[in-house]
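Dear colleague,

Please find below the structure that I would like to hand over to you. My notes on it follow directly after it.

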Amino acid sequence: MTPVPSPGITPGITEDRLLDGRVLLHQPSDGLRAGLDAVMLAAHVPARPGEAVLELGCGSGAALLCLLARVPDLTGIGVERDPGLATLAAENLRRNGWEGRATIRTADIAEPDALPGQGFAAHGLANPPYWTGGTASPDPRRAAAVHEAEPAPLRLWAQVLARGVRMGGSATLILPAHRHGEGWAALREAGFGAVSLFPLWPRAGREAKRVLLQGWRGRRGPDRVLPGLVLHEGQGWSAGAEAVLRQGTALPG
């Protein structure tokens, strides 16, 4: 369905609501639009009140905003290389009344000064570009969001998360299921251990299309495959998916 801009909204921008209206999100009407992946990613981050989080490639801020809505007294930093999206993310913080809790940095994660420091965050998260090879979308914003290209391969995302996350902190990625092995290797190489895989099943008995990977910086321990979440039942969302999408329930880790 083609997004319809709300009255009074800048042309090319739509107004959307996440978490049953608790999060107001302005985002481009074209290109890659935030939705299910951002909400599920935020729900799997094991953040607690008073902690700080780091999101790489935050776009217009959907996942970071969902985290701020779910966890009281959480603070955060979002890094986004697209100046227009970074501006939208900062404006979305203001629209939701959370500009004092988080800031947005306009930077490419490949730049040495992309982060304000090392080990400042308890948790890191990212939804990296997930397609490799082939032909990228002709829409430059969508291509940058979903098509991996040098100089920012998946291993770099994990390495930058490791720079920003303190020892004992977590990093969470959402990826296409076929890249779970590559994601596991990237997290391990960056120093994250005890990696867990959380599948998002479209329906019971179907292959997962998306997975959440989570590792802990410097932690030793066995890797795990978690039960995951079935997204659809019958003609709509499953009860578990509804709890995440509407009520802001956290996904177990």
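Helices (H or I, at least four residues) and strands (E, at least two) are taken here as DSSP runs, numbered from the N terminus. This is a predicted model, in which local features need pLDDT of at least 70 and side-chain atom pairs count only at pLDDT 80 or more, while totals for chains, interfaces and linings use all residues. Residues are numbered from 1 along each chain as its sequence is written, and side-chain values use heavy atoms, with hydrogens and water left out.

Overall composition

The protein chain contains seven helices and 13 strands. Of its 253 residues, 51% count as buried, where buried means under 20% relative accessible area, exposed means over 50%, and partly exposed lies in between (1.4 Å probe, protein chains only). Among the contacts in the chain with a separation of 6 or more, 69% are between residues 24 or more positions apart; a contact requires heavy atoms within 4.5 Å.

Cavity and pocket

Both terms rest on a 1 Å grid over the protein atoms alone: a cavity is a set of points where a 1.4 Å probe fits but cannot get out, and a pocket is an open set with protein on both sides within 12 Å along at least five of seven lines. Lining residues have an atom within 4 Å of a point. Grid points are joined across faces, edges and corners, and a volume is the space filled by probe spheres set on the points.

The structure holds one cavity of 30 Å³ or more. The largest cavity has a volume of about 50 Å³, and its lining consists of L19, V39, A42, A43, C66, R70, V244, G248 and T249. Helices α1 and α2 each supply at least two residues of this lining, and α1 gives the most, with three residues. By type, the lining of the largest cavity comprises six nonpolar, two polar and one charged residue. For this count Ala, Val, Leu, Ile, Met, Phe, Trp, Tyr, Cys and Pro are nonpolar, Asp, Glu, Lys and Arg are charged, and the others, Gly among them, are polar.

Why is α1 largely enclosed by the rest of the structure? Eight of the nine residues of α1 are buried, so the rest of the structure largely encloses the helix. The buried residues are D37, A38, V39, M40, L41, A42, A43 and H44.

Helix α5 (residues 154-164) is mostly covered, with eight of its eleven residues buried. These are L154, L156, W157, A158, V160, L161, A162 and G164. The elements that cover them include β3, β6 (121-126), β7 (165-176), α6 (180-189), β8 and β9.

Individual residues

D20, in the loop between β1 and β2 (23-28), has a positive phi near 55° and counts as exposed because its relative accessibility is 56%. A194, in strand β8, has a positive phi of about 50°, but counts as buried because its relative accessibility is 10%.

S60 lies in the loop between β3 (52-56) and α2 (62-70). At 6% relative accessibility, S60 is buried. Beyond its neighbours within four places in sequence, S60 contacts L25, H26, Q27, L65, L85, L88, A89 and N92.

P202 belongs to the loop between β8 (192-201) and β9 (210-217) and is buried, at 19% relative accessibility. Setting aside residues up to four places away in sequence, P202 touches E207, A208, K209, L231 and H232. Its C-alpha atom is 8.5 Å from that of L229, which is 27 residues apart from P202 along the chain.

Finally, R219 lies over the face of W216, at 4.2 Å from the ring centre. A charge sits over a ring if NZ of Lys or CZ of Arg is within 6 Å of the ring centre and within 35 degrees of the ring normal.

With kind regards
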